Amino acid sequence: MRELVLIQPGRVLEGPSERESESCRAHREFEERLAECGPLAFRVAYGVLRHSADAEDVAQEALLKAYRNFSRLRESARFRGWLVRIAFRMALDRWRSVKRRERREAGWTGAEQRASGPTAEEVAVSSEFQARLERAMAELPEKFRLVLLLAGIQGYTLEEVSGMLGIPMGTVKSRLFFARKQLAEKLR
């Protein structure tokens with residue numbers, strides 16, 4: 001991977017062609033903007049991640065991405081906001097990646113601990129809760145129960161439930177909300 005090396009502002013290359021001259025101007029302009037806004041990328045990333053090493057990595061990646069795409073920026077006056085958006089989105093991506101990894105690792109360690117099987121107590125509590133849940137579901141009005149079964153338990157999207165039942169999306173949303181509310185009250 002190439003490193004982003006900044007040359008000193010004001011350095012003039014001898015005898016550049018017209019095309020090279022344009023690229024030098026763009027390069028110099030990027031350097032100037034970077035001098036103004038470079039530390040901002042780190043602060044934004046650190047604000048999301050709260051870990052300085054990760055924030056440094058994200059800031060460097062954001063600066064590299066900004067450098068590669070600087071020619072696409074229409075108004076160089078908007079560089080600061082553009083760089084903030086790049087750094088923020090990359091920091092969020094890193095944060096989400098870390099959280100997914102933590103959940104995955106927790107699942108693996110939890111699976112190793114549960115490998116011996118559930119205890120008799122856990123089975124009893126589970127079956128008791130299952131029975132309570134089934135009774136509470138049976139007490140729900142059919143229109144609520146159907147939407148809750150399709151969207152909440154079977155995993156269909158709200159659009160799919162709307163199409164299956166032939167009712168508007170807003171109706172599906174409100175029925176799902178009230179079904180969850182009533183179910184929670186019954187399970188208390």
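Mentor: First, the ground rules. This is a predicted model, where local features need pLDDT of at least 70, side-chain atom pairs count only at pLDDT 80 or more, and totals for chains, interfaces and linings use all residues. Residues are numbered from 1 along each chain as its sequence is written, and side-chain values use heavy atoms, with hydrogens and water left out.

Trainee: How many helices and strands are there in the protein chain?
Mentor: The protein chain has 7 helices and 0 strands. Helices are DSSP runs of H or I with at least four residues, strands are runs of E with at least two, and both are numbered from the N terminus.

Trainee: How do you know what span to expect for helix H7?
Mentor: Take 1.5 Å times one less than the number of residues. H7 covers residues 169-187, so its 19 residues should span 27 Å. Its end C-alpha atoms are 27 Å apart, which agrees.

Trainee: Which residues in H7 are buried?
Mentor: Val-172, Leu-176, Ala-179 and Leu-183. Buried means under 20% relative accessible area, exposed over 50%, partly exposed in between, with a 1.4 Å probe and protein chains only.

Trainee: Why do the buried residues of H7 line one face of the helix?
Mentor: Seen down the axis, they fall within an arc of 65°, so they line one face. The arc is that of the directions from the helix axis to the C-beta atoms.

Trainee: What makes H5 and H7 roughly perpendicular?
Mentor: H5 (residues 142-153) packs against H7 at an angle of about 100°, with the axes 8 Å apart. Angles of 65 to 115 degrees count as roughly perpendicular, under 35 as roughly parallel, over 145 as roughly antiparallel and the rest as oblique. So H5 is roughly perpendicular to H7. Axes are lines fitted to C-alpha atoms, for helices over the stretch in contact, and angles run from 0 to 180 degrees between N-to-C directions.

Trainee: Why are H6 and H7 called roughly perpendicular?
Mentor: H6 (residues 158-165) meets H7 at about 110°, with axes 9 Å apart. H6 and H7 are therefore roughly perpendicular to each other.

Trainee: Which residues in H6 meet H7?
Mentor: Leu-158, Glu-159, Val-161 and Ser-162. Their partners in H7 are Met-169, Val-172, Lys-173 and Leu-176. Contact means heavy atoms within 4.5 Å.
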